[in-house]
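This report describes one protein chain. Look at the sequence and the model first, then read on.

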Amino acid sequence: NFHFFLIPASTNPKAALKSKIVAEFRPQSLIDELLLYKRSEDQIELKEKQLSTMRVDVCSTETLKCLKGKDSA
């Protein structure tokens, strides 16, 4: 037979510490960091899209005509 006894948090130092950590947890700094990370990711995505459209512009028909004209000359 096993007997389980519940020990109040006040007499169990680990449980008391865990309760204190949970009670004092303030997620705002974590939320702020996550928001900064998300903004950073959004900026990276925007810059990647801008770069991809620039690559398309470089390969425009006008550019190809200029390059073709230089080769012919």
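The protein chain is a predicted model with an average pLDDT of 75, and 62% of the residues score at least 70. Here pLDDT is the predictor's confidence in each residue, from 0 to 100. Confidence is lowest in helix α3 (residues 61-72), at a mean of 63, and highest in α2, at 85. Because the model is predicted, local features need pLDDT of at least 70 and side-chain atom pairs count only at pLDDT 80 or more, while totals for chains, interfaces and linings use all residues. Residues are numbered from 1 along each chain as its sequence is written, and side-chain values use heavy atoms, with hydrogens and water left out.

**Helices**

The protein chain has three helices and zero strands, in the order α-α-α along the sequence. Helices (H or I, at least four residues) and strands (E, at least two) are DSSP runs, numbered from the N terminus. The 12 residues of α1 should span 16 Å at 1.5 Å a residue, and this agrees with its end C-alpha atoms, which are 16 Å apart. The expected span is 1.5 Å times one less than the number of residues in the helix.

**Surface**

Buried residues make up 0% of the 73 residues in the protein chain. A residue is buried under 20% relative accessible area, exposed over 50%, and partly exposed in between (1.4 Å probe, protein chains only). The protein chain exposes about 7,400 Å², of which carbon and sulfur atoms supply 64%. Accessible areas come from the Shrake-Rupley method with a 1.4 Å probe; for residues, only the protein chains shown count as cover.

Phe25, Leu30 and Leu34 make a nonpolar surface patch of about 310 Å². Patches are made of residues with over 30% relative accessible area and no salt bridge; like charges are joined within 9 Å, and nonpolar side chains (Val, Leu, Ile, Met, Phe, Trp, Tyr) within 5 Å. Phe25 lies in the loop between α1 (13-24) and α2 (28-58).

**Salt bridges**

Side chains of opposite charge can pair when their charged atoms come close. A salt bridge is a side-chain nitrogen of Lys or Arg within 4 Å of a carboxyl oxygen of Asp or Glu. The whole structure holds two salt bridges.

| Pair | N to O distance |
|---|---|
| Lys38 and Asp42 | 2.9 Å |
| Lys49 and Glu45 | 3.4 Å |

Lys38 and Asp42 both lie in helix α2, four residues apart, about one turn of the helix. Lys49 and Glu45 also both lie in α2, four residues apart. Asp42 is partly exposed, at 36% relative accessible area; Lys38 is partly exposed at 49%, and Glu45 at 41%.
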